[in-house]
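Work through the exercises below with the sequence and the model open. Each task is followed by its solution.

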Amino acid sequence: MEKSLELGNVTRVQEFVLLGLSTRLGIRDALFVIFLSLYLLTLLENTLIIYLICSHSELHKPMYFFLGNLSCLEMCYVSVTMPTLLMGLWTGPCHVPFTGCMTQLFFFISLICTECTLLASMAYDRYVAICRPLHYPLLMRPQVCLGLALSSWLGGLLVSVIKTACIASLSYCGPNVLNHFFCDVSPLLNLSCTHVALTELVDFISAIVILWGSLLVAMASYVAIGRTVLGMPSAAARHKAFSTCASHLVVVGIFYSATIFIYARPSRIEAMDLNKVLSVIYTVVTPMCNPVIYCLRNREVQSAFHRTMRWSSV
């Protein structure tokens, strides 16, 4: 009885203070310009890709359907974390209400889970196209593509509801300072004044299922693609396929390495500076690089872009 009265008298945290990417005044202005430029470039790249895919009928294919979904996701994804990052660089540590922090966390978890499953779906699409080309129209028919995309988005929402509910239900009695540039799982768990073992377990299991599960699908697809490509008689065809897959694997490898290191661990991360550096990789660098790797190097997309530029100059 005394314990419950004591807990009831504890002052609950009403807001969190995000320290931001850097607290050093000398470099904050330069970082603000750099990250604002990267943010605008990411929005421009992905908007261009969505426009090209929607406006050119030759891009109405399963591969570009998934790329359009990925571009839409990247625009939402970077817009969830970048505003608080830029605000922290412009004004210094920023105050975020508890509900605002949980809202940002909800959308962040939802989008990062969706990206994992979308990358796996895109790898499977390439596997079917290269390894089973005769069955491609059947295996990747519109209903299947739509089902894979919907399951990615809805699955991300479901996982996010569970994880955010667990984290929001914890008690935060103070301090309320997050050494990060957005509301992330590990910094919030570090501030909780209640037992977090169950929440950590839910976080770890969901990370294993989503991150490792989608990574295994992607890696199995690319391994099968590699074996098929090695059996191609044409050296030119092998080189083209390997160059495309290699660039895809670089992006997938960077994204999954950073996310698995942070989220697929059974305990909270104490090294927040390392956490912030890795977070920049998958919240800023990857969304900026994905359009270039997956689309803008693609000949069909380049052809559609050049036609669009000719139309606009007429």
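Residues are numbered from 1 along each chain as its sequence is written. In this predicted model, local features need pLDDT of at least 70, side-chain atom pairs count only at pLDDT 80 or more, and totals for chains, interfaces and linings use all residues.

**Exercise 1.** State how many helices and strands the protein has, and in what pattern they follow.

Solution. Take helices (H or I, at least four residues) and strands (E, at least two) as DSSP runs, numbered from the N terminus. The protein has 11 helices and 3 strands. Their pattern along the sequence is α-β-α-α-β-α-α-α-β-α-α-α-α-α. The radius of gyration, 22 Å, is close to the 20 Å that the globule rule gives for 314 residues, so the protein is as compact as a globular protein of that length. This radius is taken over C-alpha atoms, and the rule is 2.2 Å times the number of residues to the power 0.38.

**Exercise 2.** Find what share of the residues is buried.

Solution. Buried means under 20% relative accessible area (1.4 Å probe, protein chains only). Of the 314 residues, 46% are buried.

**Exercise 3.** Locate the annotated transmembrane regions and describe two of them.

Solution. An unreviewed UniProt entry places "transmembrane region" at residues 30-54, 66-90, 102-124, 145-172, 204-225, 246-265 and 277-296; such annotations may be inferred rather than shown by experiment. Residues 102-124 are 100% helix and 0% strand, with end C-alpha atoms 33 Å apart. Residues 145-172 are 86% helix and 0% strand, and their end C-alpha atoms lie 42 Å apart.

Definitions and conventions: Side-chain values use heavy atoms; hydrogens and water are left out. Buried means under 20% relative accessible area, exposed over 50%, partly exposed in between (1.4 Å probe, protein chains only).
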